[in-house]
Amino acid sequence: AVARSIIKGDFAVRADESLKGEIGLLGKSINRLSINIYQNISQLFIEKNRLQQVLNSLKDGMISIDEYNNITHYNDIFLEMFQLDEDISGESLNNIEILNKDLFNVNQQLEDKNSIILRGLHDDLILKIVIAPITDEKNESAGAVILFSDVTELEKLEMMRRDYVANVSHELRSPLTSIRGLIEPLMDKIVTNEDDVQRYYKIIYQESLRLSRLVDDIMELSRLQTHEAVIEKRAFDLNLVIEMVEERYRLSNERINLIYNKVELPNVFSNYDRLEQIFVILLDNAYKFTPEGGSIEIITELRTTDVQITVKDTGVGISEEDLPFVFNRFYKSDKSRTKKGTGLGLSIAKEILQIMDERISVRSIKGEGSSFEFTVGIVTDKTII
């Protein structure tokens, strides 16, 4: 009776150990066996819970399967990764359709007993899939553990790093190639005409300035993105900045009509020098892509907590496919790169405004011009000066 109770999972029942002879010894042995089994089961239950906590604390999705491809373990991250909301324990791996295309060769791996690494895609995720076979005491296949690591951000960062290096190399190579191409004929005395020599010197000087600007922009963007640049804000008259920048550009290029209709505005709470830098970046771009006879307009609109500033031009505009990327580093809508500039200006402007908790956006129609809009907070009762 005690043995039958133990089989059914009742470990509380005890045999009578007081009986004499072999029956008493058997009862004593059964009681000890019951206690040992109960302790082992309790320990296994604790280990199971501990294992599940460890699995759920992993940042990677994980499943384990037996030799028949049935799922024995999984964690919550795996369910979230593949938008599964039901218990999949005991399910056959072959029945989970979302895994079929990436894990079609699991059976082959179980036979080879070698770990492999795969690359898979799921919705917008890029996954690194590691399949590690499990063997028993006879070194025979007993299933596998499969890890799913989300490497989407790492892939994007690596792509950005490659693009960044390629773009820096390209931008640096252009002025260096020009300088070298001009210095060699001067060194070999191929160019002897004084006017030509002076023209070569002037081009070399301009290219060296271009190279210097590029290095300065790269360093500036790096400081902004690593938050090394300190931007202190104070109250000042926004119109003073706009009028100063507007006069400078209007006098330097009279072939493009620069329009600014001053309106009364409250003091803004920002950084004077950084705001001037943003105006210079946006106006430089506007002049670069606006043909002679066109117009550029600076518009200010007072809103509840800020002033929205628009730099609008009648230039060549930006195509719809280029619009999402105009604030990216080194991005140029001019694919031939015949326009001057480093391609870092708008990235710098966006970083500055983000540090100051402001926003910038762009609207454009190809062939009809562009409008860059950004905000500057006004001085309020809550402003700490």
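Tyr38 is partly exposed, with a relative accessible area of 48%. Buried means under 20% relative accessible area, exposed over 50%, and partly exposed in between (1.4 Å probe, protein chains only). At 15% relative accessibility, Phe11 counts as buried.

This is a predicted model: local features need pLDDT of at least 70, side-chain atom pairs count only at pLDDT 80 or more, and totals for chains, interfaces and linings use all residues. Residues are numbered from 1 along each chain as its sequence is written, and side-chain values use heavy atoms, with hydrogens and water left out.

**Aromatic pairs.** The structure holds 6 aromatic pairs. Rings of Phe, Tyr and Trp (its six-membered ring) pair if their centres lie within 6.5 Å; planes under 30 degrees apart count as stacked, over 60 as edge-to-face and the rest as tilted. Two of the pairs are listed here.

| Pair | Centre to centre | Angle between planes | Class |
|---|---|---|---|
| Phe11 and Tyr38 | 6.1 Å | 50° | tilted |
| Phe327 and Phe372 | 6.2 Å | 90° | edge-to-face |

Phe11 lies in the loop between α1 (2-7) and α2 (22-57), and Tyr38 in helix α2, so the pair ties together parts 27 residues apart in sequence. Helices (H or I, at least four residues) and strands (E, at least two) are DSSP runs, numbered from the N terminus. Phe327 sits in the loop between β10 (306-313) and α10 (345-355). Its partner Phe372 is in strand β12 (residues 369-377), 45 residues apart. Phe327 and Phe372 are buried.

**Cores.** A nonpolar core is a set of buried Ala, Val, Leu, Ile, Met, Phe, Trp, Tyr and Cys residues joined through side-chain atoms within 4.5 Å. The largest has 44 residues; Leu238, Phe279 and Phe374 have the most contacts inside it. Helix α9 (residues 272-288) gives the largest share, 8 residues. A second, separate core of 18 residues includes Phe78, Leu79, Leu84 and Ile116.

Contact means heavy atoms within 4.5 Å. Leaving aside neighbours within four places in sequence, Leu238 touches Leu265, Val268, Leu275, Phe279, Val307 and Ile309.

**Helix α8.** Leu238 is also among the buried residues of α8, with Asn239, Val241, Ile242, Val245, Glu246 and Tyr249. The buried residues pack against β6 (234-236), β7, β8 (268-270), α9, β9 and β10.
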